[in-house]
Amino acid sequence: MAALAAEPHELLVQKKGFLKNEDWWAVWLGLLIFSLGAGQIAGVDLLGWVAKFGVWSDVTKAVAPNSKAFAFLGAGGSLILTYGFLLALTTLGAWFMGNSVKRFAAGFTVLFWVTVAANTLGNYAYLAATPNTLEKFGISWSLGLGELGFVIALAVGLIIGNFFPNAAAFLSVAAKPEWYIKTGIVILGMTIGIKTVGAMGLASTVIFRGICAVIEAYLIYWPVVYILSRKVFKFTPEWAAPMASGISICGVAAAIATGSAIRARAIVPTILSSVIIVFVAVELLVLPWVASTFFADDPLVAGAWMGLAVKSDGGAIASGAITDSLIRAKALAEYGINYQEGWVLMATTTAKVFIDVFIGIWAFVLAVVWSVFPVLSGRKAGESYKVSVREIGDRFPKFILGFLATFLILFTWGLSDESIVKAATAGAGQANLLRAIFFGLCFFSIGLITDVRKLWAEGLGRIVGVYSIALFGFILWVGLGISYLFYHGILPPVVAG
């Protein structure tokens with residue numbers, strides 16, 4: 001599809017070694033941030049100074065330190081510390097990978113502050129507030145585009161990259177979209193791990209059914225989207241595999257992980273993710289009202305449906321929260337039943353957590369498949385080739401090891417004490433703030449190195465076509481059917497009195 005300013009094949013050729021490879025540096029940075037966030041478990045707040053971006057109607061409240069203990073820093077102090085921390089870590093990695101330290105540091109500085117501006121603008125209440133928070137911000141409407149900051153960052157990058165070539169060339173050393181997104185995915189493992197641990201303390205029936213629903217859904221979703229992309233829309237495997245993962249598993253993270261496993265160009269998963277964000281915004285505005293209208297008497301079906309249908313963590317959880325609120329209000333008004341808060345959202349979260357676990361599974365499976373089957377990897381079908389364990393290992397995206405490590409550490413740790421779970425959740429939330437910044441850096445970077453003139457000619461319209469048919473043709477309805485199959489008749493507890 002789209003061409004990059006640099007040679008696409010060379011973008012995938014990584015230096016070998018634990019300190020010279022983007023994948024490994026994603027692991028190191030992600031695990032460091034994971035460790036700092038986990039300090040909460042020991043009662044030490046090591047990331048409380050990190051800047052937290054929130055939805056705002058008053059710009060003075062757009063950014064603040066995430067911990068009250070660091071409130072004295074204010075927005076400015078928190079942003080400066082966050083910038084200095086990320087600058088030091090990424091510049092160190094860039095030096096080990098052979099980049100010019102001065103050029104990288106200068107470029108990263110611009111990338112960081114543009115990303116901050118994009119995140120801040122994208123969180124403006126009229127753009128980002130969800131329907132259930134309108135009253136809080138004193139507004140009567142909102143577009144509900146909760147991840148619009150990523151799109152703004154991408155748009156700014158595209159403008160600079162295509163209209164200001166000298167500026168783009170100056171920033172190119174720091175424009176490393178794969179490194180940034182992979183680091184974010186490693187941090188994501190911590191978030192998913194603690195969510196899973198937390199879910200294990202809840203009703204086992206809901207969790208078990210959620211796992212079954214996810215497995216059944218994705219045994220259907222992935223191959224159907226892949227075949228649709230290849231046979232109907234004539235995409236190459238380089239596009240079809242990340243598309244199937246991004247549409248069927250979980251947007252940005254899944255598309256990036258799959259793209260890395262099959263050595264796709266960096267532009268592939270990022271363009272896919274941009275399209276997914278737009279569709280997620282539409283789902284967020286529509287699906288909760290559909291669910292509350294038709295499934296108020298089957299609340300957990302509605303909650304699981306949000307988790308299986310909305311293709312981003314933030315969008316799915318927001319949809320689940322809105323659905324929870326709407327269904328409880330309707331049940332109380334029409335049936336006089338006062339359901340306990342959070343059970344609909346739990347069904348959503350449980351489905352989404354186990355969907356995210358598929359990121360690592362599919363990355364490994366596809367790394368093996370692309371090594372074994374010549375036609376998928378671009379070699380001639382009749383060409384003699386012996387698959388080696390080393391090639392499979394080389395293809396396997398190393399940052400997934402970091403993702404799995406953060407997930408498994410928290411999952412196997414147990415965290416049976418409620419206070420420890422609460423502390424770990426707080427630490428994961430702090431680490432997640434940095435994950436959002438890395439994602440923003442990725443989108444801005446990809447814009448800088450993308451030749452937008454070639455996008456439509458090489459298939460952007462077809463991506464929208466695949467997503468539209470997949471979503472409205474079967475994902476919504478298969479997800480609903482599976483949610484009904486596993487959750488029908490299971491009702492949340494009722495508030496006594």
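**A walk through the model**

Lys234 counts as exposed because its relative accessibility is 60%, where exposed means over 50% relative accessible area, buried means under 20%, and partly exposed lies in between (1.4 Å probe, protein chains only). Lys234 sits in the loop between helix H10 (204-232) and helix H11 (237-261), and its phi is near 60 degrees, a positive value in a residue other than glycine. Helices (H or I, at least four residues) and strands (E, at least two) are DSSP runs, numbered from the N terminus.

The model is a predicted one, in which local features need pLDDT of at least 70 and side-chain atom pairs count only at pLDDT 80 or more, while totals for chains, interfaces and linings use all residues. Residues are numbered from 1 along each chain as its sequence is written, and side-chain values use heavy atoms, with hydrogens and water left out.

Taken as a whole, the chain contains 20 helices and 2 strands, and 56% of its 497 residues count as buried. Among the contacts in the chain with a separation of 6 or more, 78% join residues 24 or more positions apart, where contact means heavy atoms within 4.5 Å. The accessible surface of the chain comes to about 20,200 Å², and 68% of this belongs to carbon and sulfur atoms; such areas come from the Shrake-Rupley method with a 1.4 Å probe, and for residues only the protein chains shown count as cover.

The side chains of Asp324 and Arg328 meet in a salt bridge (2.5 Å, N to O), a term for a side-chain nitrogen of Lys or Arg within 4 Å of a carboxyl oxygen of Asp or Glu. The structure holds 1 salt bridge. Because Arg328 and Asp324 are 4 residues apart in helix H14, they are separated by about one helical turn. Thr323 also has its place in helix H14, and it is buried because its relative accessible area is 0%. Leaving aside neighbours within four places in sequence, Thr323 is in contact with Pro288, Ala291, Ala302, Met306 and Val344.

Leu19 lies in the loop between helix H1 (8-12) and helix H2 (22-38), and it counts as partly exposed because its relative accessibility is 39%.
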